[in-house]
Amino acid sequence: MSTKKAPKPSAKRLPKRLYEAELKRLQVELVEMQQWVAATGARVLVIFEGRDAAGKGGAIKRVVQYLNPRHARVVALPKPSKKERGQWYFQRYIERLPTKGEIVLMDRSWYNRAGVERVMDYCSEEQYQAFLRQCPIVERLLIEDGIILVKYWFSVSDEEQQSRFASRLDDPMRRWKLSPTDLESILRWEDYSRAKDAMFAATDTSESPWWTIESDDKRSARLNVIAHLLSSIPYQRLELDDVSIPDRPDANDYKRPPVEQFRYVPDIAARLLKTQTKRS
């Protein structure tokens with residue numbers, strides 16, 4: 001495990017203007033990287049882990065925002081079914097690995113066993129110890145088979161996590177993120193810290209290292225993880241085929257049916273615009 005000191009987080013939040021400009025530049029590079037992945041048949045697996053409310057989901061959204069969904073997908077598995085609980089632990093994750101020309105981003109992964117399952121006693125001691133032994137072997141096999149594997153740990157302070165939980169309380173679009181397990185993580189902060197330390201000790205290897213993202217500032221975290229991901233993929237910019245948009249031909253013998261024959265959704269936008277016009 002690396003002994004290098006963690007980089008000092010930015011003292012101030014990154015200004016929105018600078019953030020959006022750099023994000024756009026990086027997202028263009030992501031599209032170029034994906035074109036290389038699709039053309040060469042590379043397989044890319046990116047694992048996002050971290051505490052609850054650490055910003056993993058927001059970072060993943062920015063990574064995939066402009067990618068072609070035919071060659072990129074997000075895996076966020078629910079609790080294992082009864083059938084899956086009877087399988088080898090890694091089995092349901094192995095089924096979701098990338099095929100040739102594909103990028104897979106795991107929003108949590110097999111490391112659930114070393115984190116929430118360990119802390120919440122959802123697995124036995126024997127299952128936990130077996131995971132710590134098997135995980136480096138499984139990842140070595142994936143890498144030997146040609147998969148590009150990158151693992152990120154999003155690190156958030158207890159104060160920032162508390163603030164983010166509180167902000168979700170009155171937000172109807174994010175209230176669903178406050179699960180009982182999420183709230184329990186507040187009470188078990190030190191237990192999760194110990195579990196994370198043990199996980200790193202067993203699985204932070206030279207061939208499959210953990211990369212830590214300081215995520216108290218979400219904007220900085222998103223830029224940092226995208227920039228690092230791009231630097232971790234040995235892609236080359238491809239020359240695109242010339243594309244010309246043809247002129248639209250004149251309509252000859254086609255006559256559009258009367259609009260009354262079709263069902264249209266109510267034009268809410270027009271009503272809003274009309275209301276706004278009256279007010280102004």
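I looked up the contact of H7 with H8 and found that Gln161, Gln162 and Phe165 in H7 meet Asp182, Ser185 and Ile186 in H8; contact means heavy atoms within 4.5 Å. By class I noted two nonpolar, three polar and one charged residues (Ala, Val, Leu, Ile, Met, Phe, Trp, Tyr, Cys and Pro count as nonpolar, Asp, Glu, Lys and Arg as charged, and the others, Gly among them, as polar).

I must record that the model is predicted: local features need pLDDT of at least 70, side-chain atom pairs count only at pLDDT 80 or more, and totals for chains, interfaces and linings use all residues. Numbering runs from 1 along each chain as its sequence is written, and side-chain values use heavy atoms, with hydrogens and water left out.

I then checked the geometry: the axes of H7 (residues 158-169) and H8 (residues 180-187) come within 11 Å and cross at roughly 145°. Axes are lines fitted to C-alpha atoms, for helices over the stretch in contact, and angles run from 0 to 180 degrees between N-to-C directions. Helices (H or I, at least four residues) and strands (E, at least two) are DSSP runs, numbered from the N terminus.

Next I turned to the sheet, which is open, with five parallel strands in the order S2-S3-S1-S4-S5; strands pair if DSSP finds at least two bridges between them. S2 (72-75) and S5 (210-214) are the edge strands, each pairing on one side only. The twist averages 20° from one strand to the next.

I noted four bridges between S2 and S3 (residues 102-107); Val75 has Met106 in S3 as its bridge partner.
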